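Hello,

Here is the structure I promised to pass on to you. Please have a look at it first, and then read on for what turned up in it.

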Amino acid sequence: MRLILLGAPGVGKGTQAKRISKRYNAPQISTGDILRAQLKEGTPLGLQAKAFMDKGELVTDDIIINMMRDRLNEDDCKSGFLLDGFPRSTPQAEALGVMLEELNRPLDIVVNIEVDNEAIVGRLTSRRICRNCGADYNTVTNPPPADMVCEKCGGEIYQRDDDKESTIRNRLEVYNNQTAPLIEFYSSKGQLKSIDGNKAPDEVYDEINIVLEGLN
Ligand code: AMP
């Protein structure tokens, strides 16, 4: 299974990616997670990315493309992968196309998850995450414990800096300007399938599965 999950920040790509990745035994590759891990370790890549991430801007294409070239060449991608948060611009999508052609591993499908903008702002401002295991919490639908200690691993639950409202609005604008054109990019190649992401996560997951099962 070689799949891209496309959609604005907060549509539930990460949540769905974790489940699909398990079911199809394909690694979930999240560029945001890789960058945050690099930042935590204080690597030059992480420090370079930080200024962009804090503002909700895209990290430059060359940094991301080089990072993904390395990642896609790792052994665990041989049998498939699930891309979450990449590509996010037309140059990234074009570079990915070249990389996959060189590797002779064409994409199976691009699943585009669509959610109304105001619902996204609500979801992201209430999102909380475990710093250690990445477990998702939500102050409205799945409240974290009062002591903000993760029930799964004992790690610290926090709010991402870029999940503050002003940054979220900027991230949505960046998405509309730079990433949304990929909907046409992949749909014109006949590779795109759109899903209504306003529904409950289980229902969205079922719909994605129907699409993926239809590929076989
Ligand atoms: P995410 O966790 O996917 O919301 O990503 C968090 C932040 O990391 C984004 O707001 C960007 O600053 C950066 N980022 C993640 N993926 C990419 C990408 N493919 N291209 C450029 N910047 C990215």
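The residues of the shell around the ligand divide by type into six nonpolar, four polar and six charged; here Ala, Val, Leu, Ile, Met, Phe, Trp, Tyr, Cys and Pro count as nonpolar, Asp, Glu, Lys and Arg as charged, and the others, Gly among them, as polar. Please keep in mind that this is a predicted model, in which local features need pLDDT of at least 70 and side-chain atom pairs count only at pLDDT 80 or more, while totals for chains, interfaces and linings use all residues. Residues are numbered from 1 along each chain as its sequence is written, and side-chain values use heavy atoms, with hydrogens and water left out.

Which residues come nearest to the ligand? Of the 16 around it, they are Thr 31, Arg 36, Glu 57, Gly 85 and Gln 92 (a residue is near if one of its heavy atoms lies within 4 Å). Helix H2, residues 31–41, gives the most to this shell, with four residues (helices are DSSP runs of H or I with at least four residues, strands are runs of E with at least two, and both are numbered from the N terminus).

A polar side-chain atom of Arg 36 lies 2.9 Å from an oxygen atom of the ligand. For an N or O atom in the side chain of Arg 88, the distance to a ligand oxygen is 3.0 Å, and for one in Arg 160 it is 3.2 Å. The ligand exposes 480 Å² when taken alone, and the protein buries 96% of that (areas come from the Shrake-Rupley method with a 1.4 Å probe; for residues, only the protein chains shown count as cover).

Arg 160 also has a partner within the protein: a polar contact of 2.9 Å joins its side chain to that of Asp 162 (a pair of N or O atoms within 3.5 Å, one able to donate a hydrogen and the other to accept it; residues adjacent in sequence count only if both atoms are side-chain atoms). Asp 162 is in the loop between strand S7 (157–158) and helix H7 (165–179). Is Asp 162 buried or exposed? At 11% relative accessibility, Asp 162 counts as buried (under 20% relative accessible area, with exposed being over 50% and partly exposed in between; 1.4 Å probe, protein chains only).

As for the whole chain, there are nine helices and eight strands, and buried residues make up 46% of its 216 residues.

Best wishes
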